[in-house]
Structure formats: C-alpha cells, structure tokens
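Visitor: Could you walk me through this protein and tell me where its labels come from?
Guide: Gladly, have a look here and then ask away.

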Amino acid sequence: MPPPNERDPLLEISGLRTHFSTREGTVKAVDGASLTVPRATTVCVVGESGCGKSVTARSVLGLIDHPGKIVAGEIRWHRTDREPLDLAALSPTGPELRSIRGREIAMVFQEPMASLSPMYTVGDQLMEAIRLHKEVTKDEARSMALDLLRRVGIPRPEQRFGAYSFQLSGGMCQRIMIAIALACDPALLIADEPTTALDVTTQARIIDLLRDIQAETGMSMLFITHDLGVVAEIADEVVVMYLGTVVERGGVDEIFHDAKHPYTKALLGSIPRMGAGTRQRLTTIRGNVPHPSDRPSGCPFHPRCGDAVPGLCDVEEPPEVVFGPARSARCVLHAMERSVR
Ligand SMILES: Nc1ncnc2c1ncn2[C@@H]1O[C@H](COP(=O)(O)OP(=O)(O)OP(=O)(O)O)[C@@H](O)[C@H]1O
C-alpha cells in the first residue's frame, strides 16, 4: 500500500441516517448526512441547535443515546496500512469499536467538569487513560502524564496532578480532557462544542491550544460548533448542516466569501463582522429549526428561505450540486442555474 497522502480521506461518512424511535414517532436526527475528514485537516460542522451535529459526531464512535440507532449509511475509517473499516456496521458495545474509541479516535465534549470524575484526582484519571492504551509502569505513566499536562499548557503540573476537577476552573478541566484525549495519540479528535461552556478569553486559549497540537501532531479534527467565529479561527473545511442533512461544504474561505446555500448565507448574515462599524446590518434567520419529526417537504429550509420558489422548493428534494472535490451545495436553485448554462 502506498504511504498516506495528506489529502487522503481519514473518515468518510456517507448517507448516514441516525434515528430515534420514540413513543411520539421517529426522530430523524441525522437523515442522509455525508462528509469527509481528510488527513491532517480540521473540518468544522456548523448549524443551529438541533441540526444533528452532535448526533453525527457521536454516531462515529457508537455513542448515541438510547433509543438512537444508525439505520443506514457508512462511516468508513481509513487506518494506515489496513483496509477501511465501516464503523456504522460495528456493535456500539463491541470490542472493535471500544478499541478504536480513545485509541485511534478521541472525543472531547462541551462540559469538561461533567466528563471528569470528582472521585479521583485529575492525575490519576490521566494515568489511567495512558495505561489503558500503553503498556507502561506506574512511574512511566506518571511522567508521561506530567508531560501531557505541560503540553496542554497547565502551569505547575506537579501541583495540579493531585487536584480534583471541582478544585479547577472550567478552562483547566477542558485542558485536562484534551490531555486525556491526546494520551493515545489519536489520528482523529472529535471536539463537540469544546469551548461553548467557557468564557471568551479561555475559549480563545483552548482554540489556540488545539490548533498548535494539530500542527504539531498532524492529527485531524472534526470540530462541532454553532459559532462561526470559532470556525474562522480553526477550520480548514466547513460542513453546514440543516435538519439532519449537509446543505453545503467547502473550504473555509469559500464558505465565508462565496457561500452558495441560502442557509449558509443566512447564518453568515447573523454574525457581526470585525471592522464593519456599528451600522452594519445584522439579520436573524426567520423562524426556528423545525423538529426532525416535523420535517417540511422538499428542501427542509424552504419555509425559512427568502429565495424559495413556491411549487419547486417545497416539492423537490434538492440534489447535491458539486462545484469541486470538496465543494458542494444542496439547493434546487443552483441545480437550475447549472441546467440553464
Ligand atoms: N436521546 C434522544 N431522543 C430523542 N431525540 C433526540 C435525542 N438526542 C437528540 N435528539 C434529537 O436529535 C436532533 C439533533 O440533535 P443534536 O444534538 O445532534 O443537534 P445539534 O445540532 O448538535 O444541536 P446543539 O448545538 O443544540 O447540540 C434534535 O432534534 C434532538 O432533539
């Protein structure tokens, strides 16, 4: 097998459908989502609350809450020197996925305090993560843990080693969670809103840290956020989700400067721009994201879309219009434009 190229896919999600069978009906949280994370690349998944970003991320590692289930699609994991593995076909509780979780793919979540146990010191939890994946003595694990704490920017790591999560700030806890995630040298880090619960200054520091670690290790990142400011800071590529599907994907500059989908344009119109002065016009997207059990016909965004064409957008499922290798939008208007040309 030839050596991996930086642009080779590491993770390929195609046609993923993750549904929740509830007493009220089927919640189609993810309904045909496709995205690719190339090697050494940060892909940000954006969209309003409830669009299926977290469920997509959690589906990769089989961490979907009950009664959620992957009902269709593939999640191809391309391991170096091995055949790709379809993670969607593995049992969420089976040994294969358990060994990939935390070893090849690590995840950090929004609430670092809740992810750490209050019963054990952070040092013990870090050592346990190291010893779970590496055959090392206690002394070796301790010295590796101290190194990791230094790497994630924790001052005086010897002192913090014996601290409990409730004695540390949110930002400090998130650094510890990142250290635990890095303990196994993952090829992919999935970060689900890792800075949302933190104050703005701490957010910026954690983003810088993740960027530095990515540059240093070459790991890929799948970064979930609803914050386009964070996207501008960290993304190489962007995937825009709406109601369980991917409506647009592209390079970060393409998304910010040449958005194709009306939903992406609306999201961008709702954030303040630096240097645009106090008179800039900010727009909010009218209405709310419908619940996935109440999915509109045709294009799911049409009831909120200023460009929607009656009789077309409310009827036709929008096809994916491909503009380039990692560039596409799912909008009937672009499909029409293309057929006219
Ligand atoms: N355990 C569950 N049971 C039923 N529905 C669920 C469950 N978990 C998630 N959902 C539904 O799936 C949809 C997608 O949720 P998801 O958390 O992926 O959205 P999100 O885009 O990550 O939003 P947020 O930014 O608020 O986390 C939502 O409508 C949510 O209500």
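Visitor: Which residues does the annotation "domain: ABC transporter" cover?
Guide: The unreviewed UniProt entry places "domain: ABC transporter" at residues 11–268. UniProt positions follow the numbering used here, feature names are shortened, and annotations may be inferred rather than shown by experiment. Residues are numbered from 1 along each chain as its sequence is written. Please keep in mind that this is a predicted model, where local features need pLDDT of at least 70, side-chain atom pairs count only at pLDDT 80 or more, and totals for chains, interfaces and linings use all residues. Over residues 11–268 the chain is 38% helix and 27% strand.

Visitor: How many helices and strands does the protein have?
Guide: There are twelve helices and twelve strands, each a DSSP run numbered from the N terminus (H or I over at least four residues for helices, E over at least two for strands).

Visitor: What makes the protein as compact as a globular protein of that length?
Guide: The globule rule is 2.2 Å times the number of residues to the power 0.38, and the radius of gyration is taken over C-alpha atoms. For 341 residues the rule gives 20 Å, and the protein's radius of gyration is close to that at 21 Å, so the description holds.

Visitor: Why is α4 called roughly parallel to α7?
Guide: Helix α4 (residues 122–133) and helix α7 (residues 170–182) pack at an angle of about 20 degrees, with axes 8 Å apart. Axes are lines fitted to C-alpha atoms, for helices over the stretch in contact, and angles run from 0 to 180 degrees between N-to-C directions. Angles under 35 degrees count as roughly parallel, over 145 as roughly antiparallel, 65 to 115 as roughly perpendicular and the rest as oblique. That angle therefore makes α4 roughly parallel to α7. Val 122, Gln 125, Leu 126 and Ala 129 of α4 make the contact with Ile 176, Ala 179 and Ile 180 of α7, where contact means C-beta atoms, placed from the backbone, within 7 Å.

Visitor: And why is α4 roughly perpendicular to α5?
Guide: α4 and helix α5 (residues 138–151) pack at about 110 degrees, with axes 9 Å apart. This is why α4 counts as roughly perpendicular to α5. Among the residues that meet are Leu 126 and Ile 130 in α4 and Met 144 and Leu 148 in α5.

Visitor: What is the peptide bond from His 66 to Pro 67 like, cis or trans?
Guide: The bond is cis, with omega near 5 degrees. Pro 67 sits in the loop between α1 (53–60) and β4 (68–77).

How values were computed: Two residues are in contact if their C-beta atoms, placed from the backbone, lie within 7 Å.
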